[in-house]
Amino acid sequence: MGMTRDATLDEVCALIALMRDAKVVGHEWSGDHVRIVVHVTDDALEALTHAAWTANVQMEQHACELGHHVITASAVPRDTLDHGELQILGIHLVWHLLEAGVLPQGAGERRLSVWKAEIP
């Protein structure tokens with residue numbers, strides 16, 4: 001196993017924080033699922049929604065807080081991935097940040113390697 005689920009969550013939250021107009025407000029585990037609350041606006045909303053959708057992760061508007069969204073991801077192992085959809089979300093975020101020029105190529109490749117993925 002490359003990373004613990006908590007380290008994977010920390011990395012996913014750090015990747016979200018690299019997105020312009022996105023900020024992680026909080027997160028909590030419930031069994032094998034994590035809920036990540038983010039405040040997101042403008043272009044970051046579209047990019048984060050796309051990453052969540054392609055990772056098969058649920059993302060919905062927070063019921064009480066304007067501009068807040070809740071991402072719910074499973075960390076149950078899947079295929080060759082130690083932390084399932086949470087890990088897939090991280091992979092899609094790396095791809096987005098590489099394409100946007102926000103994440104340096106070397107850092108992106110290292111993260112993808114740990115998560116058993118490659119640049120598409």
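Axes are lines fitted to C-alpha atoms, for helices over the stretch in contact, and angles run from 0 to 180 degrees between N-to-C directions. On this basis, in the predicted model, helices α2 (residues 42-54) and α3 have axes that come within 8 Å and cross at roughly 140°. Angles over 145 degrees would count as roughly antiparallel and those from 65 to 115 as roughly perpendicular; α2 is therefore oblique to α3. The crossing of the two helices is right-handed. Helix α2 contributes A47, L48, A51, A52 and T54 to the contact, and α3 contributes L89, H92, L93 and H96. By class, this contact of α2 with α3 comprises 6 nonpolar and 3 polar residues, with no charged ones.

The sheet is open and consists of 4 strands in the order β1-β2-β4-β3, with antiparallel pairing. Strands β1 and β3 (58-61) lie at the edges, each pairing on one side only. Neighbouring strands are turned against each other by 20° on average, direction ignored. Helix α3 (residues 84-99) lies across β1, β2 and β4 (68-74), and runs at about 125° to β4.

Strands β1 (residues 22-30) and β2 (residues 33-40) run antiparallel and are joined by 8 bridges. The two strands form a hairpin with 2 residues between them, and G31 in the turn has a positive phi of about 65°. Two residue pairings with β2 are listed below.

| Residue | Counterpart in β2 |
|---|---|
| K23 | H39, standing opposite |
| H27 | I36, bridge partner |

Conventions
Residues are numbered from 1 along each chain as its sequence is written. This is a predicted model: local features need pLDDT of at least 70, side-chain atom pairs count only at pLDDT 80 or more; totals for chains, interfaces and linings use all residues. Side-chain values use heavy atoms; hydrogens and water are left out. Two strands pair if DSSP finds at least two bridges between them. Contact means heavy atoms within 4.5 Å. Angles under 35 degrees count as roughly parallel, over 145 as roughly antiparallel, 65 to 115 as roughly perpendicular and the rest as oblique. A crossing is left-handed if the near helix is turned anticlockwise from the far one by less than a right angle, and right-handed if clockwise. Ala, Val, Leu, Ile, Met, Phe, Trp, Tyr, Cys and Pro count as nonpolar, Asp, Glu, Lys and Arg as charged, and the others, Gly among them, as polar.
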